[in-house]
Amino acid sequence: MSDQLTKLAYHTLQQGKSLVGLAHKEVSSRLMDLLSPEVSARTVPVPPALLAMLQASMNRLLDRDWQEAEQGLYPASLLFDAPWFDWASRYPLVWLDIPATWNRRRERKVRDLPQNVDPAAYPEYYLQNFHHQTDGYLSDHSAALYDLQVELLFNGTADPMRRRVLRPLVQALKSFGDRPPGCLRVLDVATGTGRTLRQLRGALPEAQLIGLDLSTAYLRQANRWLAELPGELPQLIQGNAEALPFAEASLQGATCVFLLHELPGSARQAVLNEIQRVLEPGGVLVLADSVQLNDSPEFAVPMENFRRVFHEPYFRHYIEDDIDARLTEAGFEAIAAESHFMTRVWTARKPL
Ligand SMILES: C[S@@+](CC[C@H](N)C(=O)[O-])C[C@H]1O[C@@H](n2cnc3c(N)ncnc32)[C@H](O)[C@@H]1O
């Protein structure tokens with residue numbers, strides 16, 4: 001396929017994903033107004049000018065995504081990479097799950113978790129139904145629906161946002177250029193179902209990749225997806241990002257995507273401290289999470305609506321938190337940040 005044709009195919013695919021995401025949200029919120037009006041969140045209306053800004057920002061993200069593939073930072077095939085048939089077959093399950101979600105919202109049940117969960121095995125802040133999700137992060141059912149739910153939420157831009165960690169990571173790892181690529185170890189903290197590891201494998205085909213998460217169910221799902229990829233399998237480890245099971249200075253790179261907004265401030269700091277500890281001097285951390293009020297004041301309304309619609313107990317604190325200051329406190333330097341649509345990406349180095 002010629003480059004122009006591939007580009008057209010990519011933009012068409014993204015438009016399709018965006019339409020599906022918008023239609024899903026519109027239909028489900030209308031149904032909620034009709035069948036369960038007491039559950040409807042009072043969201044702030046989004047004025048047309050803001051909608052246009054969001055659309056323009058999303059288009060810039062997609063242009064960047066295409067350009068970086070074209071420059072060879074990762075294979076263009078990654079832009080089309082998704083388990084389409086699997087998602088299509090799971091889509092009815094998303095709908096079947098919606099009434100249970102409404103119920104939890106109505107009854108303000110935010111700790112509605114499977115009976116077999118041992119609370120002593122997890123931090124207290126984790127034992128909740130983030131996004132009112134059935135079973136929180138603690139079942140195969142939740143893990144089976146997660147990727148699709150995130151795609152619908154972000155109108156198909158979740159992976160393009162995750163891929164923004166690749167350029168700063170690959171650039172920073174060049175400082176270890178004297179080592180064989182197979183000796184570089186990169187950890188994805190809170191890897192969930194492994195979507196970021198998939199992107200990392202595209203950009204770093206030979207590196208040793210490791211994914212860590214608290215949820216064994218999500219890691220089982222990650223294992224299913226990652227086992228399909230050619231090359232070395234990423235290693236998956238169940239553990240708490242606040243107490244990483246790695247020796248000091250044993251890794252050259254780390255990523256952490258969409259975790260910080262789900263942690264209380266003290267845990268956020270503890271995770272950054274731990275990542276700093278396990279990185280080798282000169283090693284790089286690339287963080288990606290929601291944009292914040294300081295860097296994207298124009299998106300204050302979508303941020304507020306996200307908090308009102310979903311159970312995200314630490315989001316309000318997160319969007320006002322000073323992540324640069326936390327990175328400095330953890331001992332990082334050369335901190336830089338940039339925004340891509342609804343995601344902020346920070347890069348930071350452990351001093352030599
Ligand atoms: C919003 S999801 C993001 C998952 C993934 N990074 C992605 O991009 O889809 C948050 C993830 O963080 C994990 N998590 C939350 N607190 C954690 C902790 N203290 N240690 C390790 N994982 C944690 C959850 O199990 C969940 O998989």
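In what order do the 7 strands of the open sheet stand? The order is E3-E2-E1-E4-E5-E7-E6, and the pairing is mixed. Strands here are DSSP runs of E with at least two residues, helices are runs of H or I with at least four, and both are numbered from the N terminus. Two strands pair if DSSP finds at least two bridges between them.

A quick word on the source. This is a predicted model, where local features need pLDDT of at least 70 and side-chain atom pairs count only at pLDDT 80 or more, while totals for chains, interfaces and linings use all residues. Residues are numbered from 1 along each chain as its sequence is written, and side-chain values use heavy atoms, with hydrogens and water left out.

Strand E3 (235-238) and strand E6 (333-340) are at the edges. Each has a single partner strand, so one side of each has no neighbour in the sheet. From one strand to the next, the twist averages 15 degrees. Angles run from 0 to 180 degrees between N-to-C directions, with axes fitted to C-alpha atoms, for helices over the stretch in contact.

Now look at E5 (residues 279-290) and E7 (residues 343-349). They pair in the antiparallel sense over 7 bridges. Leu287 stands opposite Trp346 in E7. Helix H12 (residues 323-330) lies across E5, E6 and E7, at about 20 degrees to E7.

Next, Asn305. Asn305 sits in helix H10 (residues 300-309). Is Asn305 buried or exposed? Asn305 is buried, at 11% relative accessible area. Buried means under 20%, exposed over 50%, partly exposed in between, with a 1.4 Å probe and protein chains only. Beyond neighbours within four places in sequence, Asn305 contacts Thr43, Val44 and Val46. Contact means heavy atoms within 4.5 Å.
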